[in-house]
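Here is a short briefing on one protein chain, written for a reader who has the sequence and the structure at hand. Please look at the structure before going through the points.

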Amino acid sequence: MFTEVRADGLVVGQLSVVLILAAFIKFFIFGDPPSSDVTASLRATERRSRTLAHKQSLLSLRSPSQRQSQHLKRKKSSVLRNPPTLTIGSILSKTYYNVDSHQPESLDWFNVLVAQTIAQFRSDAQHDDAILNSLTKALNGASRPDFIDDIRVTELSLGEDFPIFSNCRIIPVDEDGLGLGNGIKFDATAAARDGTRLQARMDVDLSDMLTLAVETKLLLNYPKKLSAVLPVALAVSVVRFSGTLSISFIPSNPSQSTPTMMTFSFLDDYRLDFSIRSLLGSRSRLQDVPKIAQLVEARLHRWFDERAVEPRFQEIALPSLWPRKKNTRGPDDTIVDGGLSISRSKGKDIGRDVRDEISWRKETSTEDRKWDMASLRHRNPVKDTDIPDIPGSPHSP
């Protein structure tokens, strides 16, 4: 009796494990992923709610005393004339820009400059496989987990198209980067008092195929090292990106010795689409597992959100804009000597050679030079017959 019950329980337990494993493989591994539109809408809603929560927290922490402008204590000079204080209102009036009625601008000229920069970057990346070596070094850095073998880049494509910027507009934002809101007129007096600054916003659209494919192995080191090895191949392609880029400047603070900073970030309404291909195993291979694509795509979106999507932003320190001699570039300087023109680079090479020759002569001892002259006379002896006859000399007839 107990044997039959035990056998029935064993069979039921095995069937339940098989059913759970089958359901896991069917729904988790081979389940159909949601459409890209649904996924993008869910991510946009999540980002929007996070941005609104951040704005509400900023507004709740503000107080009237925090909104008062702070004047820097600077030394007065009787030589340098103090320029008039430039406020947001004065800058806009002197540049004839009305933030309430100015139409958005096209950026065709800017697109051409950006395209030239990206084209040069792609050309430089092909030289000596610079970007390939950098990626391989970065992927196999110290942060690589122990259960992942060496990562090898198998495909790299930097694309062929260029991003298109459009619909540029200038808007005033407060010290926390928050806009004034729709329907609110710009007040120059309040802007000067509240620390308002200007921000440029432009739409960005890129339809291209930027691909990075890698190969590695998943290592199972338990219960002993290399108990199992699973080859993995993964290819990630950026298919489409569209969003709104915001750029603003933070003035320098002489009292704290901070330079002028340029900040940029993307609004939470962006759209980023990927195409992810995967291959697991060496003999019985699993190709394009949907769950792997979802995990990789979610990780990439989180990586981008944590770095360049508001309320987070990237900060770049700008160098000094004063003209300096060391930064001067122009036509080659010429050195005219006997009708010959020598470029600046060649002149530097000649000067370097002359300095090396002078240094060699200083290091050479007098005895070595005497030895060189004696050796020269030994190789080319001078005979009396070789001396030309000079009128009035003892050798002259």
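The chain has 397 residues, of which 23% are buried, and its secondary structure consists of 9 helices and 10 strands.

**Confidence and overall figures**

- The chain has a mean pLDDT of 75, and 66% of its residues reach 70 or more.
- Residues 67-74 stay under 50 in pLDDT, and the model gives them 10 contacts beyond four places in sequence.
- Residues 371-397 are also below 50, with 4 contacts in the model beyond near neighbours in sequence.
- Where pLDDT is low, the predicted coordinates should not be read in detail.
- Of the contacts between residues at least 6 apart in sequence, 72% join residues at least 24 apart.
- The chain exposes about 30200 Å², and carbon and sulfur atoms supply 58% of that area.

**The largest nonpolar core**

- The largest nonpolar core has 20 residues, and those touching the most other members are Phe165, Met202, Phe241 and Phe304.
- At least two residues of this core come from each of E2, E3, strand E4 (228-250), strand E6 (271-280) and helix H7 (290-308).
- H7 gives the most to the core, with 4 residues.
- In soluble globular proteins, nonpolar side chains tend to be buried together.

**Helix H4**

- Helix H4 covers residues 108-126, and its 19 residues reach 27 Å from first C-alpha to last, close to the 27 Å expected at 1.5 Å a residue.
- Asn111, Val114, Ala115, Arg122 and Ala125 are the buried residues named in H4.
- These residues lie on the same side of H4, because they cover an arc of only 105° around the axis.
- Trp109, Gln116 and Thr117 are exposed on the other side of H4.
- The buried residues of H4 pack against helix H5 (130-139), strand E2 (164-173) and strand E3 (197-220).
- After H4 comes Asp128, which has a positive phi near 60°.

- Buried residues of H7 include Val296, Glu297, His301 and Phe304.
- Arg43 lies in helix H2 (residues 36-61).
- Arg43 counts as buried because its relative accessibility is 18%, and buried means under 20%.
- Apart from neighbours within four places in sequence, Arg43 is in contact with Glu297, Ala298 and His301.

- Most residues other than glycine have a negative phi, and most peptide bonds are trans.
- Tyr96 is not a glycine, yet its phi is positive, about 60°.
- Tyr96 sits in the loop between helix H3 (88-94) and H4, and is exposed, with a relative accessible area of 74%.
- Asp288 also has a positive phi, near 55°, and is found in the loop between strand E7 (286-287) and H7.
- At 37% relative accessibility, Asp288 is partly exposed.
- The peptide bond from Glu310 to Pro311 is cis, with omega near 10°.
- Pro311 belongs to the loop between H7 and strand E8 (314-317).

Notes:
Residues numbered from 1 in each chain as written. Predicted model: local features only at pLDDT ≥ 70, side-chain atom pairs only at ≥ 80, totals over all residues. Heavy atoms only, no water. Buried < 20%, exposed > 50% of the residue type's maximum accessible area, 1.4 Å probe, protein only. Contact = heavy atoms within 4.5 Å. Expected span 1.5 Å × (residues − 1). Arc of directions from axis to C-beta. pLDDT = per-residue confidence, 0-100. Core = buried A, V, L, I, M, F, W, Y, C linked by side-chain atoms within 4.5 Å. Areas by Shrake-Rupley, 256 points an atom, 1.4 Å probe, with all protein chains shown as cover.
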